[in-house]
Amino acid sequence: MAEPRYIAAIDQGTTSTRCMIFDRAGSVICSEQREHRQIFPRPGWVEHDPREIWERTQEVVRGALARGGIAPRDLAAVGITNQRETAIVWDRATGDPLHNAIVWQDTRTDAICHALAREGGQDRLRPQTGLPLATYFAGPKVRWILDNVPGARVRAERGDVLFGTVDSYLTWWLTGGPDGGVHVTDVTNASRTLLMDLKTLDWDDELLRIVGVPRAGLPTIRSSSEVYGTARGALDGVPVAGILGDQHAATMGQACYEPGEAKNTYGTGCFMLLNTSEQIIPSRSGLLTTVCYKLGERPAIYALEGSIAIAGALVQWLRDNLGLIADSGEVEALARTVEDNGGIYFVPAFSGLFAPYWRSDARGAIVGLTRYINKGHIARATLEATAFQTREVLDAMERDSGVRLSRLKVDGGMVGNDLLMQTQADILGVPVVRPRVAETTALGAAYAAGLAVGFWDGLDELRRNWRADREWQPGGDAAIRDRRYRDWKRAVERTLGWVEEESE
């Protein structure tokens with residue numbers, strides 16, 4: 001029988017699911033993508049239907065195979081990458097979810113996090129987890145479901161229900177679901193729960209007690225690159241061999257394998273990761289310390305991360321909520337109808353502010369409005385919001401690591417926006433580089449799976465696959481850039497403290 005020529009990756013994101021198939025050079029052979037519903041039951045609440053996510057996953061797998069004329073026997077392995085921190089609780093016997101998935105952007109666990117922070121403050125769990133107590137993370141979301149769905153906690157303590165992040169749910173279904181499905185997660189996703197110790201890479205009993213999540217329903221923590229089980233269904237017989245949270249996968253896909261190398265992914269949110277090798281660096285500047293990846297039996301590689309909640313989602317908001325554009329791709333042309341932002345700044349604190357502030361009491365604001373402002377200025381301020389937030393994260397990263405980045409590798413759906421990329425280079429004052437394969441999240445998951453089964457020999461081969469597509473050099477007057485950055489930070493200050501705790 002012919003040797004498999006391809007690797008598949010399932011990329012389950014915040015707004016859509018895709019299946020991409022790659023060859024040995026890391027080139028895309030074919031892909032299929034489907035959106036799923038965004039459910040907003042109350043202000044600040046964001047949910048997905050887990051059954052819809054599994055249906056979309058099956059659809060895109062079948063669609064990609066059909067597009068490429070590819071059979072399962074042509075695939076050496078499949079990797080999974082996923083929206084992190086989104087929590088699902090489901091029935092072990094049937095696979096039925098007990099509640100909609102609670103998405104990473106959701107703020108309903110604010111009261112839980114405030115209560116946990118009364119003893120020891122917001123950074124109470126940072127020494128073990130690298131994370132502040134914030135609504136972002138998955139552990140409190142699981143607790144909320146167990147506390148609010150009748151009978152859920154009792155069933156969880158008996159081991160009748162399973163929980164985890166989306167990777168666990170998909171892996172379980174892919175490998176058989178109720179009929180022998182494997183319940184695992186990898187170290188990158190586990191590191192986003194507030195329940196795993198960064199040093200031991202295992203669930204910690206004290207953390208479980210504090211957050212209020214029973215061990216019985218949790219997945220087994222494994223490395224990011226190993227064979228977890230064998231797929232059934234459309235991928236029947238294909239090894240499931242890679243799991244990485246989406247931002248960690250993008251770091252793999254961008255070939256950031258050396259300490260000091262960094263990438264920034266522009267998707268629904270915006271996420272910058274800096275490889276710190278085997279060193280766990282505590283952040284003093286509002287960043288996260290996280291597992292970057294772990295390849296089989298090799299030591300874990302760690303990272304500093306700056307997480308921004310709203311980036312591409314702000315463009316979607318212009319489209320879906322305001323109707324200023326009919327398609328997300330129109331935002332660049334609209335922004336180019338004006339020369340500058342007209343003096344306005346858009347702080348998209350729709351779910352509070354993530355790095356480097358970690359303020360759940362913030363809410364979005366447009367400041368500096370005058371009668372002069374038109375929709376072109378709003379579009380330009382929308383793009384600049386992502387660029388300014390990235391500058392804040394980069395400044396924090398340089399303070400924590402002592403590393404001055406000489407260039408920034410970028411990827412994700414927004415990097416096709418040339419105006420945004422030039423604006424980003426101008427605001428950062430460093431070159432911005434886009435790779436030929438911009439969707440590096442799926443590529444990183446494919447790399448992890450391929451390394452596990454010997455499809456690729458090692459990281460050096462993956463480095464050789466990386467190619468630059470375009471580079472933007474910084475321009476403009478530095479004094480003007482610094483003044484605009486100061487104005488941005490003044491705008492951020494206006495958003496803080498808007499939500500009072502009792503009103504939540």
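The end C-alpha atoms of residues 6–253 lie 16 Å apart, and this span is 31% helix and 27% strand. UniProt, in an unreviewed entry, gives residues 6–253 the feature "domain: Carbohydrate kinase FGGY N-terminal". UniProt positions follow the numbering used here, feature names are shortened, and annotations may be inferred rather than shown by experiment. Helices (H or I, at least four residues) and strands (E, at least two) are DSSP runs, numbered from the N terminus.

This is a predicted model, in which local features need pLDDT of at least 70 and side-chain atom pairs count only at pLDDT 80 or more, while totals for chains, interfaces and linings use all residues. Residues are numbered from 1 along each chain as its sequence is written, and side-chain values use heavy atoms, with hydrogens and water left out.

**Sheet and packed helices**

- An open sheet of six strands runs in the order β3-β2-β1-β5-β14-β13, with mixed pairing; two strands pair if DSSP finds at least two bridges between them.
- Its edge strands, β3 (28–35) and β13 (225–230), each pair on one side only.
- Neighbouring strands of this sheet are turned by 25° against each other on average, direction ignored. Axes are lines fitted to C-alpha atoms, for helices over the stretch in contact, and angles run from 0 to 180 degrees between N-to-C directions.
- β13 and β14 (residues 239–245) pair in the antiparallel sense over three bridges.
- Helix α1 (residues 50–68) packs on the sheet and touches β1 (6–12), β2, β3 and β5 (75–82), with its direction at about 150° to that of β3. Contact means heavy atoms within 4.5 Å.
- Helix α6 (residues 166–174) lies across β1, β5, β13 and β14, at about 145° to β5.

**Annotated binding site**

- From the unreviewed UniProt entry, the feature "binding site" falls at T14, R18, T268, G312, G413 and N417.
- The lining of the largest pocket includes T14, R18, T268, G312, G413 and N417. On a 1 Å grid over the protein atoms alone, a pocket is an open set of points where a 1.4 Å probe fits, with protein on both sides within 12 Å along at least five of seven lines; lining residues have an atom within 4 Å of a point.
- R18 is found in strand β2 (residues 16–22) and is buried, with a relative accessible area of 16%. Buried means under 20% relative accessible area, exposed over 50%, and partly exposed in between (1.4 Å probe, protein chains only).
- G413 lies in the loop between β21 (408–411) and α13 (418–428) and counts as exposed at 60% relative accessibility.
- Leaving out residues up to four places away in sequence, R18 has contacts that include E32 and E439, and G413 touches Y266 and E439.

**Nonpolar core**

- Of the 106 residues in the largest nonpolar core, Y136, F163 and Y266 touch the most other members. Such a core is a set of buried Ala, Val, Leu, Ile, Met, Phe, Trp, Tyr and Cys residues joined through side-chain atoms within 4.5 Å.
- Helix α12 (residues 375–401) supplies the largest share of this core, eleven residues.

**Backbone exceptions**

- Most residues other than glycine have a negative phi, and most peptide bonds are trans.
- A255, in the loop between α9 (246–253) and β15 (262–266), has a positive phi of about 60° and is buried at 6% relative accessible area.
- S277 has a phi near 60° and is partly exposed at 26% relative accessibility.
- The peptide bond from A355 to P356 is cis, with omega near -5°.
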